[in-house]
Amino acid sequence: TWQDAESKCRRLPKDDPKYQELNGYIQAGLRRVEAEQIKRDKDFNALLAIARKAINQRDLAAADNALAEAAKLSPKGAGLDAVRQLLEVARLEPKPGERMEIMLAQGVPMAFRWCPPGSFVMGSPENEVARMPKNETQHQVTLSRGFWMAETEVTQEQWRAVMQTGLLEQTQLALRDHPALCKKTENQTIPPEIKKSDTNGLMNYYDSDHPPPQVFKYFQMLTETVPNARDYMGVEDPRTAMYYVNWDEAGAFCRRTGIQGKHEVRTQKGWTMTLPSEAQWEYACRAGTEGMSYIGDFKILGSHNAPDLDRLAWYAGNSSHGYTGQGWSTAELQDKQYPGAIAGPRRVGMKEANNWGLRDMLGNVYEWCLDYAGEFTTTPATDPVLAAPGMPDQHSRIQRGGAWLIKAENCRAA
């Protein structure tokens, strides 16, 4: 072997021809060893990369196998222990879609589902029906930490338990701040220039800090008589989604819930409750799927007619179907999936869940996100939150998912 040659070479003078022959053999052997080591290092690092990817994809068995092969190549290799620690953390994490329940004040429960860390393509392809080019540019997003997402929208019961106000009080606040955005349950004419969209119905969102200028103009048109808030709200029901909640109030709900919620913390300390980032929202909505929704693409037969969406969401085409109680007329809407007139927000959790057990991610009521509004780019991002204004409306916040009086095309994951 070249090691034997090295031993013999030490006993020979350097001018001995045999020394030269043995030394050449030794150098060739060292080059072979170096080449083999380089190959082992490449294979070792490649196996670590495979293990990391498998951990991100929650394929822990594949990660185990890759680490075992890496250890054979280099038992004390740099980075091996770090990836092993990642694997152990992943073993302790809940399974995707695992359910956790916290208890709010007055014994009111609130359920959450686990969304694991991972990567996905945010946005929609250029050929997706009704896509918005500026707001749906596809780009790779990585979420480095898992999170718990509420299983459904916040209910009226949960809201009252935390905020000590109900739908009536929130409607009164909305009428005080934005009367033009609250449509009466009877016929009421709202100046078209202040409509937020073509839905011509209840606007279950508003920004009390920065109302549009037209609202102030409309204030002057109101009589001095305080309107009856009950004429501007739907059914009061503990299990129905809460609405007439602005972005600041939604944030306050999160902060108070984080303080009041009592539950066993089975993960690391230091967790806080907050609105999801827009990336977290879309990641949770998709739950590992692609397409227009978490069952993939669906056909849109008319503005308010998408039969495949019926199983997932309350939207303008089906929200009047089986609805009882006070609400808003949808009789003027064309191309509805179901006939019917009166509609409104519905009880949560009545539609099909996605792969992680989340319901009503599409339809029923809009859902606030943490971000400001902004345009997507193709640049990959890790844990993105648009924390600075990004559009002409410097105070626009993100809401996702569509709502009960919204067209089918706006109830998409992107």
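Predicted model: local features only at pLDDT ≥ 70, side-chain atom pairs only at ≥ 80, totals over all residues.
## A tour of the salt bridges

Start by selecting Asp64 and Arg91: their side chains meet in a salt bridge, with 2.7 Å from N to O. This pair links distant parts of the chain, since Asp64 sits in helix H3 (residues 60–73) and Arg91 in helix H4 (residues 80–92), 27 residues apart.

**Next stop: inside helix H4**

Now select Arg84 and Asp81. Here is another salt bridge between side chains, at 3.4 Å from N to O. How many residues apart are Arg84 and Asp81 in helix H4? They are 3 residues apart, which means that about one helical turn separates them. Arg84 is partly exposed, with a relative accessible area of 34%.

**Next stop: a buried pair**

Select Glu128 and Arg412. They form a salt bridge whose closest N and O atoms are 2.6 Å apart. Glu128 lies in the loop between strand S3 (118–122) and strand S4 (139–143), while Arg412 lies in the segment after strand S10 (397–400), so the pair ties together parts that are 284 residues apart in sequence. Are these two residues buried or exposed? Glu128 has a relative accessible area of 8%, so it counts as buried, the cut-off being under 20%. Arg412 is buried as well, at 5%.

For a network, select Arg99, Glu101, Arg113 and Glu151 together. Salt bridges that share partners join these residues into one network.

**Last stop: how confident is the model?**

Color the protein by pLDDT. The average is 82, and 82% of the residues score at least 70.

Two stretches deserve a look of their own. Select residues 186–225, where pLDDT stays under 50 and the model has 78 contacts beyond four places in sequence. Then select residues 261–268: pLDDT stays under 50 here too, and the model has 12 such contacts for this stretch.

Terms used
Residues numbered from 1 in each chain as written. Heavy atoms only, no water. pLDDT = per-residue confidence, 0-100. Contact = heavy atoms within 4.5 Å. Salt bridge = Lys/Arg side-chain N within 4 Å of Asp/Glu carboxyl O. Helix = DSSP H or I, 4+ residues; strand = E, 2+ residues; numbered from the N terminus. Buried < 20%, exposed > 50% of the residue type's maximum accessible area, 1.4 Å probe, protein only.
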